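Good morning, and thank you for coming. I would ask you to keep the sequence and the structure in view while I speak.

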Amino acid sequence: MPGSDEKSPVTIRRAVVGDASTLAELGASTFTETFAEANTPEDFAAYMAASFGEAIQRAELEDASATVFLAERDGEAVGYIMVREGRAPGCVAVEDALEIARLYARKATLGTGVGSTLMQHALAEAAGRGKDAVWLGVWEHNARAIRFYEEWDFHPAGTQPFLLGTDLQTDLVMVRRIARES
């Protein structure tokens, strides 16, 4: 049995349509923990209404171009990652790349391996699909996330716009090549 200062392992499973309400709550709560204070209440509320809700997450789970993996610890949902097939921005400069559209972990779990476990899973997924690279967008003012991605060998490739309500923000586009086995 783990000691009081040890964390139980994080397990990853593919999310199914029945997880829509869990993902809606998890996405909304983690996005709020991370970004609410840095944005106006009006813009934040508009973005939340358009991005999180059981019907919205159900549609994402039914989208063939997106795959969501749920991280659980002791039976509780503690984070998730969404990878998506599709055209990457031109600055990515790699023909066959997989997007990490979301990587969210509950604030209470930051630094406990949830994000790392999700990232390892996404990189393995990209390699398994034969991708040349993975890419993501991260808010230019989210220094903690940028450091995390840099620790995983992501490098800035350019920028792209991100609309939060009526506030046009800038995301850094970061890319990591996938190593090929010989």
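Predicted model: local features only at pLDDT ≥ 70, side-chain atom pairs only at ≥ 80, totals over all residues.

Asn 142 sits in the loop between strand S5 (133-139) and helix H5 (143-151). Is Asn 142 buried or exposed? Its relative accessibility is 15%, and because buried means under 20%, Asn 142 counts as buried.

Let me now step back to the whole chain. The protein chain contains five helices and seven strands. Their order along the sequence is β-α-α-α-β-β-β-α-β-α-β-β. The radius of gyration is 16 Å, close to the 16 Å that the globule rule gives for 182 residues, so the protein chain is as compact as a globular protein of that length. Taken along the principal axes, the C-alpha atoms fill a box of roughly 50 × 45 × 30 Å. Of the 182 residues, 43% count as buried. Consider also the contacts between residues at least 6 apart in sequence: 67% of them join residues at least 24 apart. The accessible surface comes to about 9700 Å², and carbon and sulfur atoms account for 50% of it.

I turn next to the strands. Eight of the nine residues of S4 are buried, so this strand is largely enclosed by the rest of the structure. How do S3 and S4 pair, in the parallel or the antiparallel sense? They pair in the antiparallel sense, over six bridges. Here Arg 84 stands opposite Glu 99 in S4. S4 and S5, by contrast, pair in the parallel sense, over three bridges. Ala 97 stands opposite Ala 133 in S5.

Val 94 lies in the loop between strand S3 (76-84) and strand S4 (97-105). At 12% relative accessibility, Val 94 counts as buried. Not counting residues up to four places away in sequence, Val 94 touches Asp 132, Ala 133 and Arg 177. How far apart in space are Val 94 and Gly 75, which are 19 residues apart in sequence? From C-alpha to C-alpha, the distance is 38 Å.

Now to the helices, with one general point first. An α-helix has 3.6 residues a turn, so residues three or four places apart point the same way. With that in mind, consider helix H2 (residues 41-51), whose buried residues are Asp 43, Phe 44, Tyr 47, Met 48 and Ser 51. Seen down the axis of H2, these buried residues fall within an arc of 130 degrees, so they line one face of the helix. The face turned away from that buried side carries the exposed residues Pro 41, Glu 42, Ala 49 and Ala 50. The cover over the buried residues of H2 includes helix H1 (20-35), helix H3 (54-62), S4, strand S6 (155-164) and S7.

Helix H5 can be read in a similar manner. Which residues of H5 are buried? They are Ala 145, Ile 146, Phe 148 and Tyr 149. Because they cover an arc of only 160 degrees around the axis, they lie on the same side of H5. Among the elements that cover them are S4, helix H4 (114-128), S5 and strand S7 (167-177). Just after H5, Asp 153 takes a positive phi of about 70 degrees.

I conclude with the nonpolar cores. The largest has 27 residues, and those with the most contacts inside it are Ile 100, Leu 103, Met 119, Tyr 149 and Phe 154. The elements that give two or more residues to this core are strand S2 (66-73), S3, S4, H4, S5 and H5. Which element provides the largest share of this core? It is H4, with six residues. Ile 100 deserves a separate look: leaving aside neighbours within four places in sequence, it is in contact with Ile 81, Met 82, Val 83, Met 119, Ala 122, Trp 135, Leu 136 and Phe 154. A second, separate core has 20 residues, including Leu 26, Leu 70, Ala 77 and Tyr 80.

Thank you for your attention.

Definitions and conventions:
Residues numbered from 1 in each chain as written. Heavy atoms only, no water. Helix = DSSP H or I, 4+ residues; strand = E, 2+ residues; numbered from the N terminus. Buried < 20%, exposed > 50% of the residue type's maximum accessible area, 1.4 Å probe, protein only. Contact = heavy atoms within 4.5 Å. Arc of directions from axis to C-beta. Core = buried A, V, L, I, M, F, W, Y, C linked by side-chain atoms within 4.5 Å. Rg over C-alpha atoms; globule rule 2.2 N^0.38 Å. Areas by Shrake-Rupley, 256 points an atom, 1.4 Å probe, with all protein chains shown as cover. Pairing = 2+ DSSP bridges.
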